[in-house]
Amino acid sequence: MKKNIVKKMLSCLLATALVASVFTGCGKQADDVSKDSSATNSEVVDSTTSTAEKETEVSTEPVKISILPDGIYDADTDEKSISGHWQKILEEKCNVEIEWVIPASGGYEDALQLTLLDKEKPDLICFSNGWMSNTSFLDACEAGMFWDISGMIENYPNIMKWTSEASWEALDLLQDGRIWGVPRSTVARADGWRVNEQWLEAIGSDLKEGEYLTLDEFYDILYKFTYNDPDGNGVNDTYGIGAYEKNGILFTGIERIFHIGGWYELSDGNIEDLRYSKDYDYYKQYLEFMNKCWEAGVIDPDAYALDSKGAKERWTGSYGMWAEYPAGMDITVAEGENPVHTEIFLPGVVVEDDPIGEYGYGEYSNGIWNFYAISATCEHPEKILELIDYALSDEQWVNLNAQSVEGVGFTMDAAGNYDFSLTDKLKEADKANGTEYAVTNMLTRFVRRSGAPEFFIKKTYTAEEQKRLSDLVQITFDNYWPTLDRAYVPAIAKDQTFMEYESYIKQEEAKIITGEKPVEYWDELLDGFYKAGYEQYRAEMLEYIASFE
Amino acid sequence: MVKEKTKNTRYKTSIWDKMFVVLNYVFLTIVAFIMIYPVINVIAVSLSNYQEYLKSPAMMWPKKFTVSAYELIIKNDKFWRSYINTIFVTVVHTLLGLATNFLFAWPMARKETKGKGFFMALIIFNMVFNAGMIPNYLNIQMLGLLDTLWVLILPGCFTAFNCVVMMSFLRELPYELIEAAMVDGGSEPYILSKVVLPLSKPVLASVALFLAVGSWNSYFSAQIYIRDSDLWPIALVLKEILASATTDILEGGMDPMALMEAEQQIQEKTIQYATVVVSTLPIMCVYPFLQKHFAKGVMVGSVKG
Amino acid sequence: MKKSKAQSFGRHMRRFYWLYIFMVPGLLCMILFKFMPMYGLQIAFRDYSIVKGIWGSEWVGLKHFQNLFKSVNFLRVLKNSIVTSIFSLLWSFPAPIILALLLNEMKNITYKRTIQTIIYLPHFISWVIVITIVTGLLSQSNGIINNLIVTFGGEKIDFLTNPKWFRTVLIGTQIWKEAGWGTIVYMAALAGVDVQLYEAAMIDGANRWQRMLHITFPCIAGTVAIMLIMKMGHVLNNGFEQIWLLMNAPNKTVADVLETYSYQLGLRQGQYSFASAIGFFQSLVGMVMVFVSNFLSRRMGGKGLW
């Protein structure tokens, strides 16, 4: 009986609160989400004195939210797991009930396509960047299959604060002011190279960390790494730089030196993609340099047959340099490691007559690494935004930043030092029981702040080591040279002829690098590409870029 | 008398004949060595320390022997659950598949059946044309089979290849036996079960092997039609373990954290290979059991045309 | 006349109705899972959009086929598909037959079974792993094979990236992985050969070669013919995974086949209609090839599928 009365009271409260919330606008409370951790009935009655808004927060039945995430494979809601704990915190704070819908990661893209066919979709779907120009997705947006969140996001201070402006511009997919998703932000930056410290010593180089090189000095190091037997095993089995095939072209990071990667504003004010430019011969210089490297043998002859995974396996033993973000560098010697391997960071190489004027690069300039779209079938888009907003709040950033959950995986003292012994214990337990309690993949993959490099630095390093890495990360930020295309893809890129020529030109490029064809061949290829539609592509792109000025 | 005579003929075998026998043994032994190499390599890597693998990926013997990879797998209950799913799917799929294919192949092998050309054209059409992922998905959705194990069992039951293999075998059966049974007044089901079935052991064994192995190794349907990871078959779990590192590192350029995670997973190449071993070992063992049916000459005593 | 036809049909049905009942489960399986979704083939003739659905998408007739045939790369890709198929017919197809025949000549049963069991094992190793192993073996920087070549005074060979070597590597790995498994069908057929025939032949003084030629081979010829006809149905399909894993920018000129082409320009870009058009073309050619080869096989006095 008593229970019934409470229930009735509750529902009355609920109704008034709902009405109130309609008038006051919902979801403003993200930052000061009630501090009471659980929403038991007694507490609800106690809190009647607080504002109507707050009551909605604590007294409503939890809203069910289904999420199709990307790259999360341990949606283990088990209490004992770090992920489970984190999910529980989110659920309680935002008064939601999260259900993870997890397709096989190998078939993730297929799963997205098929999800579009379903009438019942998960409320929140994570799409990879490619979908920003995918016809199916654009059609779906046009047809109203997803929420346009442009009118809502302003109510969420954390989302606004921790998302780059360029991301919102990029997510205005139909260029009409509507926004189709919340980005999972990443850091926009200019990567350099991780260099094997012991090998540098062996070849007698005095390269200091953070120092810039000229192209000749750079080549000199690559050459010595290859022929001066830096690993001292007496066999000629080393190469200057790690290389592999990525999307049909050879990737070494060297193209960054020549600013190949997107549409930049050059020092003379022109806007160009230097790869396919007819006015600047920078790409030919790049090809020439690559050809020189290839013929000198400083690149692994297997490079074209390796993918990033295969090349990475060889890197520590066979390559002197590896193009990558510095935060994950090996800067400490692991116990029993043989041979000893540590790295220093080479931020960039400067070329004469640089059209930008210095080393600068920036491929990930819309700051998006996958984005979340909210299905139109979802009844509470505001709840979802609230959830994301809360996950990005300062309160949760402690957890996201440590990539574990405070009190479960780590503790922190007043000075902000992390102690991960709890995670270590969980790991040991995992090893003994075959569980996955210590896996923290959900925290690292759900959302993150843009421009927050500390997220990528292991908190297990000493303060000094963390400082060293964050300084290096800062360099990659300083070198960041924004590309203007925001990963926009003009419509002509879907044209059959265009696509074919694009794939053809990549395939022919390999011949120039391996020396089968002269560098002049590039001009011929470029002429063909302009005829095959690049002329129009360029015009459309410039128009798009101009629309932001 | 006969025996002596065969012996005599053997004695008469030419020098070429002897050389052939020797060369044949040598050749097949070499072939066997080449073909077992990848299997040995996978097993060796799975029992080795990862650092040793990086130094000599082509190893044929474990280096710094360790079973830690296996310990990890065996303790994982996800793995065991998928094992049970797979065993269920494989057994049911094999039995149903044998039945449907055999029942279809037998009339197709009979002279009396009318419209064989039409049915054959149907089968070939089905083999050659494929509706595509999206229509197939919509169809499975309409049939209400999404997220059930039946979606792994039913669609592949009848396949052109298995049916044709059976048919071509059944066509070679001595027709006199069937005629004799018909004259004796045996009904068709009787002929099929009592006369044909016992004679068909070799082909049943090989088709059973195709069905079982195909079912055990298939991951594609599960990847498309099954979201609930509790229902995943072992092949998909294996695929996930093999693929995760690759897909992650491709994305890795976009996001440094993904790259670091991927790196941790790559460290576990030995685990990948150990998973391969644990997940394929049971189905590998099916073969020797079925093998004896291939080796027997079943049609001894019958007259062949 | 008509009546008698109907009558004889009725009589036939009364006598053999069981034969048709036997076929019901198979037919049901085909109808439910194969024919029902076949309406999806029309995607190739429409501009398919997920939102509009199959029936709602615009009908464009042969547009995608025209795009396909006029594309600059199509002829090269088609040629690659056909050449690869021919190589596979010449090498990969006979390999299991030869292996089966040789195994059949082995008298030591235990040894034979051991060999048999061993050679079918690579089938279970997935392509991803086989290609990883092959890449390791053929690597130019530290591969065993190239190291051997150098030891014997040769020059390193770029097996993995040279277009000239691509097909050799492709067919080689195909045989390596699948030939042993392929013997199963033929071993089953060989099990059906009457032992008395051999004995009789031996009494007649037929030597090994004659026995193989006149007894063993005719007995499996039917199976071989049927396997060949079935293979013709996939004459333009070379399998995606293996080629995709072995293909790279330098060898793409010969490596790119219809499946990889369709994947790059169709599926990966969400262009389902174009990908479907390629698939439809492959199937159509396969269908025609099955009919032609079946006809030829029967014409030459052998057995066909029907």
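Chain A has 20 helices and 17 strands, these being DSSP runs (H or I, at least four residues, for helices; E, at least two, for strands) numbered from the N terminus. The model is predicted: local features need pLDDT of at least 70 and side-chain atom pairs pLDDT 80 or more, while totals for chains, interfaces and linings use all residues. Residues are numbered from 1 along each chain as its sequence is written, and chains are lettered from A and ligands numbered from 1 in the order in which they are written.

Of the 549 residues in chain A, 47% are buried (20 or more other C-beta atoms within 10 Å of the residue's own, with C-beta atoms placed from the backbone). An automatic or database assignment gives chain A the two domains tabulated here.

| Domain of chain A | Residues |
|---|---|
| Domain 1 | 62–187 + 368–397 |
| Domain 2 | 192–361 + 483–487 |

Their C-alpha centres lie 36 Å apart.

An open, mixed sheet of chain A has 5 strands in the order E2-E1-E3-E15-E4, where pairing requires at least two DSSP bridges. Strand E2 (96–100) and strand E4 (182–185) of chain A are its edges. Strand E1 (residues 63–68) of chain A pairs with E2(A) in the parallel sense over 5 bridges, and Ser66(A) stands opposite Glu99(A).

Contacts (C-beta atoms within 7 Å) join 34 residues of chain B to 28 residues of chain A. H14(B) gives the most to this side of chain B, with 12 residues.

Definitions and conventions
Buried ≥ 20, exposed ≤ 12 C-beta atoms within 10 Å, placed from the backbone. Contact = placed C-beta atoms within 7 Å.
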